[in-house]
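Hi,

Here is the structure I said I would pass on.

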Amino acid sequence: MNVTHKEAFRLLEEKDNILILTHRSPDGDAVGSMFAMYYALKNMRKNVRCIIDTVTPSLSFPVTEEAFSQFTPDCVITVDVADKKLLTEDTLEEYGEKVFLAIDHHAANKPFSQYLLLDSDASAACEVIFDMLTEAGREISLKCAEALYLGIATDTGCFRYPNTTAHTLGVAAELVSKGVNNGEINRLVFETKSRAYVQFETLAMNSLKTYHDGKCAVLVITQDMYRRTGTSEADTHAIAALPRQIEGVLAGVVIKEKKDGSYKISVRTNEPLSAAEICEVFGGGGHRLAAGCELSGRSTQVVNEVVKVIGEALKEI
């Protein structure tokens with residue numbers, strides 16, 4: 001059942017022991033929306049617990065160990081989760097059928113909760129949460145504001161992507177007015193790279209191949225690259241944006257080998273190509289210009305399948 005911002009807040013007001021979940025391999029919006037909700041609910045004197053995958057260091061500043069206390073929840077909510085299969089295996093098995101409220105911004109959301117607060121016009125789940133708290137008349141603490149800024153900044157590419165609206169910029173201004181050090185957060189998230197990541201990025205870029213007259217660029221990330229550089233998938237989210245930055249590229253693809261031998265596909269597109277429509281062919285989804293899916297098979301087979309679908313999409317524009 002879809003609910004408004006105010007209705008979602010009222011539902012949370014009635015609960016006391018709340019568990020917050022987000023998707024596996026958390027990005028900035030997943031981390032930001034989880035801990036924005038954590039700090040907001042704690043300010044309402046709720047008992048709150050979080051479960052989250054490993055968070056890359058540059059995104060970890062909102063995280064507090066106090067959020068991982070153990071108790072049995074009577075309410076489970078998700079943030080930034082468009083499909084319950086994106087939950088971690090453990091949380092999907094234990095809580096997948098028990099989600100009370102989902103807060104999301106993905107147009108391709110596949111409902112799985114009792115109640116759903118969905119705003120597909122919002123740039124990030126953090127923007128949805130800001131609107132919910134504001135419409136409910138709640139004061140936003142500095143820690144909550146920092147977490148909200150993290151999610152909005154990362155999902156808009158530091159306000160460079162087309163999902164950045166006038167409202168988004170207004171929300172960011174409100175957060176900065178509350179004391180958020182946007183310059184420092186931007187430096188930490190967008191301008192700081194570990195030496196290990198720089199080595200990883202070099203190996204990744206060496207795998208670059210282009211297709212369809214340079215309109216499609218593909219990177220293939222192997223488990224060996226992680227081992228050689230001492231990195232993990234959690235450390236390397238930024239790589240997804242690189243292929244699309246090449247002049248003339250309409251579809252940038254990063255194909256990451258997982259530990260089980262399957263592949264996680266991240267697609268980033270420029271207009272008029274839709275990343276969501278490409279990934280939907282393989283059972284995935286996301287936003288128009290940023291989406292993902294998963295495939296199994298040999299790496300060459302996976303590359304060929306993805307490149308073929310992109311080629312078909314290019315013929316239609």
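Helix α2 (residues 28–43) and helix α5 (residues 142–155) have axes that come within 7 Å and cross at roughly 160 degrees (axes are lines fitted to C-alpha atoms over the stretch in contact, with angles from 0 to 180 degrees between N-to-C directions; helices are DSSP runs of H or I, at least four residues, numbered from the N terminus). That makes α2 roughly antiparallel to α5, the term for angles over 145 degrees. The residues in contact (heavy atoms within 4.5 Å) include Val-31, Phe-35 and Tyr-39 of α2 and Ala-147, Leu-148 and Gly-151 of α5.

This is a predicted model: local features need pLDDT of at least 70, side-chain atom pairs count only at pLDDT 80 or more, and totals for chains, interfaces and linings use all residues. Residues are numbered from 1 along each chain as its sequence is written, and side-chain values use heavy atoms, with hydrogens and water left out.

Helix α4 (residues 125–135) is mostly covered, with 9 of its 11 residues buried, including Glu-127 and Asp-131. Gly-137 follows α4 and has a positive phi, near 75 degrees.

Cheers

Terms used
Helices (H or I, at least four residues) and strands (E, at least two) are DSSP runs, numbered from the N terminus. Angles under 35 degrees count as roughly parallel, over 145 as roughly antiparallel, 65 to 115 as roughly perpendicular and the rest as oblique. Buried means under 20% relative accessible area, exposed over 50%, partly exposed in between (1.4 Å probe, protein chains only).
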